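Welcome, and thanks for taking a look at this one with us. Please have the viewer open while you read.

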Amino acid sequence: MKKHASGKRIVFSQIKNSVIDTALQRLARNSGWLLAAEAVAAIVSVIQFPLVARLLGAEGYGKATLIVGWVSLVGSLLGIQTRKTIVKYLSLYLSNEQKLEALAIVKLGLLLNVSMATVSCAVMYIIAPTLSLWILDSTDGTLLFRIIILRDFFAATTGTTTSVLRVLNRFRWLSIVNVLSSIFTFVLVAIALLNKFEVIGYLTAISAVSITQSIILLLYSNNKLQARCGASCWTAKLGVLQQHYDEIRTMLISMKLDGFRKIATDKADVVILGLFVNMQSIGLYKMGKQLATYVSRLSNPIYSAIYPELANLYHERGNEYIPKFVGSITRWMVLAMFISITLLISISGTLVPLIFGQEYIPALPIFYVIMFMHIWLVLIWAPGLMLTLGKARQLMSINLTSAAVMIVSLFVLTPTWGTTGAAIALVTNYWVWSGLILWYISRIPDIRLWPGRTQSKHNI
C-alpha cells in the first residue's frame, strides 16, 4: 500500500513538474516575442529620444510632454479600464468553450471603450482653447491639444483588442505590429523635426502611427475572435453574461479605481510638477524618468505574458501549481533587475551629455533617484495572481493607497524640492505598493508561496 501511495505521489509530482515546465516554456516563448519587439522599440527609442530632445530643446520637449500629459490624464480619469477584465473572463469562457459568452465580454469591453472615449474626447475637443490658455498661457496650443485628443479617441479600444490577442496567444503578431509602429514613428518624427515642424510635427507624427495601429488591432482581433468562435463579437447578446454580471461589474469598477495608480505614476507627476516649475525643468524631469523607465519597458513583455498564463494555469489546474510557477519567475526577475539597473547607472553619466547634450546633465540626479522604483519588478507576477484569485477589490485598495501616498508626496515635496521631490514621490509610491502587496499575499489562504510561512486561515 505504501509503495502504491509513493508511486502515485511520484507520478503526480512528474505531472505537476511537466505542467509547470510547459507553462514556463509558453511564458518564455510569448514574453520572448514581446521582449524582442520591446528591444527593437527600445533601440529605436534610444535613437529617437535624443533626436527629439535635441531638436525640440528642453523647453519644447517640456511643452510637448505637458500637452500629452494633460490630455492623457483627463482621458484616463474619464475612461474605463477593460484589459484585465477581458483577460480573466475571455480566458475563462474560452477554456470552457462558452463561445457566446466569450464574444459578449469582448463586445461589452469595446462598447464601454468607445462610449466613454466619445464623451471625454468630445468635451476636451470643445474646451481645448481654454486648456491651452490655462496651461500654456496662450490659445496657440489649441491645435496641439486637439491632435492628441484625436489620437486618444482612436486608441481607446486598444486595451480590449490587445487583451483579446493575448488570450488567443497572438503574441508574435502583436510583436510585429509593435516593431513596425516603432519604426514608422521614428521615421515620421525624424521627417517632421528635421523639416523644422517642431512640436506640432512631433505630435502629429506620434498620433498618426497610434491611430493606424489602433485601427489595425481592432480589425485583426475581431477577425481572429470570429475565427475562434464562429461569429463576430458585434452579433453577441450581452444578456448571456448574466451569470457573471455582478462579478464583471465589480471587477470593472475595481479596475477603474485601480487605474488611478497608473494615472498617478504615468501622468500626475508631470501635471503636478507643471504647477510649480518651468517648462525646462519639466523637460529635464521627463528625460530622467524616460531613461529610468527603460528597465520597466523591457519588463513589460513579461508582465503582459504572465497574467494570461496564470489565469489559464489556475482555471485549468487549480492553485496547486501556482507557487512553483511564481517562484521561478521571481528568481529570474531578481537577477534581471540587478543586471539591468547596474548597467544603466554605470553608463548613464558618460552617455547622457554625449548623446543628449550638456543641457540635459541636470537630469542625471533625477534619473538616479527614479531608478530606485524598480523594486516592484521582483513582484511583477503579483497583480496577475491577485486578479486570477478574484482579489481585484483588494488589489484596487493597495493601488489606491500607494497612489494616494504619491499624490500627497508630490504636493508636499515638489514646491520645495522641485524635480527631485517629484522623483522621490514616484519612488515612494512603488516602495509602498511593494510592501503592501507582500503583506497581503502572505495572508491569502491556500497559496503558500514561501515555504515554512503559516498563511492566515481567514478568507481575506
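The sections below go from the overall fold to single residues and side-chain contacts.

## Overall make-up

A first thing to keep in mind is that this is a predicted model. Of its 460 residues, 52% count as buried.

Just after α3 comes D137, with a positive phi of about 60°, although D137 is not a glycine. This residue belongs to the loop between α3 and α4 (142-154). Is D137 buried or exposed? D137 is exposed, because its relative accessible area is 65% and the cut-off for exposed is over 50%.

Which residues form a nonpolar patch on the surface? They are I176, L180, I183, F184, V187, L188 and I191, and together they have about 590 Å² of accessible area. One of them, F184, is found in helix α6, residues 171-194. F184 has a relative accessible area of 51% and is therefore exposed.

In the loop between α6 and α7 (198-229) you will find K196. K196 is not a glycine, yet it has a positive phi of about 60°. With 70% relative accessibility, K196 counts as exposed.

T161 lies in helix α5, which spans residues 158-167. The relative accessible area of T161 is 1%, so this residue is buried. Along the chain T161 and V106 are 55 residues apart, while their C-alpha atoms are separated by 8.3 Å.

## Aromatic rings

How many aromatic pairs are there? The count comes to eight aromatic pairs. Among them is the pair of Y89 and Y93, which is tilted, with 6.2 Å centre to centre and 40° between the planes. Both tyrosines sit in helix α2 (residues 83-95), and because they are four residues apart, about one helical turn separates them. In general, an α-helix has 3.6 residues a turn, so residues three or four places apart point the same way. Y89 counts as buried at 2% relative accessibility, and Y93 counts as buried at 1%.

Elsewhere, ring pairs link W376, Y430 and W433 into a cluster. A ring also meets a charge: the charged end of R146 sits over the ring of Y125, at 4.4 Å from the ring centre.

## Salt bridges

Side chains of opposite charge can pair when their charged atoms come close. A search of the whole structure finds four salt bridges, and three of those are described here, starting with D152 and R151, whose side chains meet at 3.0 Å, N to O. D152 counts as buried at 18% relative accessibility. R151 is buried too, because its relative accessible area is 14% and the cut-off for buried is under 20%.

Next come R249 and D246, which form a salt bridge with the closest N and O atoms 3.2 Å apart. Both lie in helix α8 (residues 245-273), three residues apart, about one turn of the helix. R249 is partly exposed, with a relative accessible area of 42%, and D246 is partly exposed as well, at 48%.

The side chains of D269 and K289 also meet in a salt bridge, at 2.7 Å, N to O. This pair links distant parts of the chain: D269 is in helix α8 and K289 is in helix α9 (residues 279-292), 20 residues apart. Where do these two stand on burial? Both D269 and K289 are buried.

Terms used:
Residues are numbered from 1 along each chain as its sequence is written. This is a predicted model: local features need pLDDT of at least 70, side-chain atom pairs count only at pLDDT 80 or more; totals for chains, interfaces and linings use all residues. Side-chain values use heavy atoms; hydrogens and water are left out. Patches are made of residues with over 30% relative accessible area and no salt bridge: like charges are joined within 9 Å, nonpolar side chains (Val, Leu, Ile, Met, Phe, Trp, Tyr) within 5 Å. Accessible areas come from the Shrake-Rupley method with a 1.4 Å probe; for residues, only the protein chains shown count as cover. Helices (H or I, at least four residues) and strands (E, at least two) are DSSP runs, numbered from the N terminus. Buried means under 20% relative accessible area, exposed over 50%, partly exposed in between (1.4 Å probe, protein chains only). Rings of Phe, Tyr and Trp (its six-membered ring) pair if their centres lie within 6.5 Å; planes under 30 degrees apart count as stacked, over 60 as edge-to-face and the rest as tilted. A charge sits over a ring if NZ of Lys or CZ of Arg is within 6 Å of the ring centre and within 35 degrees of the ring normal.
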